[in-house]
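Please read it with the structure open.

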Amino acid sequence: MAKGYWVSAYRTISDPEKLAAYNELAATAVKAGGGRVLVRGGRTVAHDDGVAERVVLIEFDSFEQAVAAHASEAYQQALLVLSDGVERDFRIVEGV
């Protein structure tokens, strides 16, 4: 079965406090959903139209598990806390 991944590429972080509060709630939701953080922040080199801001990559055992974790009540609460604190490109993708 192909794994599922959350990929977040942040364009801007306008409210670091909201991001910090989101990170605490999201970490709990991700762990409960079976996710494993592979990349969180760190050094970034952006090419083409990319922005060298925060990048997060989270692995799940399946695409369906990744979708379910995003839909979970715990993660939805984390998103409410984050609200307009960042601008990001968030995707759920299936591995090969």
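1. Contact means heavy atoms within 4.5 Å. Axes are lines fitted to C-alpha atoms, for helices over the stretch in contact, and angles run from 0 to 180 degrees between N-to-C directions. Helices (H or I, at least four residues) and strands (E, at least two) are DSSP runs, numbered from the N terminus. With that in hand, α1 lies across β1, β2, β3 and β4. It runs at about 175° to β1. Helix α3 also packs on the sheet, where it touches β1 and β4. The direction of α3 makes about 155° with that of β4.

2. On the source: this is a predicted model, in which local features need pLDDT of at least 70 and side-chain atom pairs count only at pLDDT 80 or more, while totals for chains, interfaces and linings use all residues. Residues are numbered from 1 along each chain as its sequence is written, and side-chain values use heavy atoms, with hydrogens and water left out.

3. The overall plan. The protein has 3 helices and 4 strands. From the N terminus, the order is β-α-β-β-α-α-β. Its radius of gyration (taken over C-alpha atoms) is 13 Å, close to the 12 Å from the globule rule (2.2 Å times the number of residues to the power 0.38) for 96 residues, so the protein is as compact as a globular protein of that length. The C-alpha atoms fill a box of roughly 35 × 30 × 15 Å along the principal axes.

4. The sheet. The 4 strands form an open sheet, ordered β2-β3-β1-β4, with antiparallel pairing. Two strands pair if DSSP finds at least two bridges between them. The edge strands, β2 (36-40) and β4, each pair on one side only. Twist averages 15° from one strand to the next. β1 and β3 pair over 6 bridges. Gly-4 has Phe-60 in β3 as its bridge partner.

5. The core. A nonpolar core is a set of buried Ala, Val, Leu, Ile, Met, Phe, Trp, Tyr and Cys residues joined through side-chain atoms within 4.5 Å. Buried means under 20% relative accessible area, exposed over 50%, partly exposed in between (1.4 Å probe, protein chains only). The largest core has 16 residues; those touching the most other members are Trp-6, Tyr-10, Leu-19, Tyr-22, Ile-58, Phe-60 and Tyr-75. Two or more residues each come from β1 (4-13), α1 (16-32), β3 (55-60), α2 (63-71) and α3 (73-82). The largest share, 5 residues, is from α1.

6. Which residues of α3 are buried? They are Tyr-75, Ala-78 and Leu-82. Beyond neighbours up to four places away in sequence, Tyr-75 touches Trp-6, Tyr-22, Ala-26, Ala-29, Ala-69, His-70, Arg-88 and Phe-90. Just after α3, Ser-83 takes a positive phi of about 35°.

7. Is Glu-59 buried or exposed? At 12% relative accessibility, Glu-59 counts as buried. Leaving out residues up to four places away in sequence, Glu-59 touches Lys-3, Gly-4, Tyr-5, Gly-34, Gly-35, Arg-36 and Leu-38.
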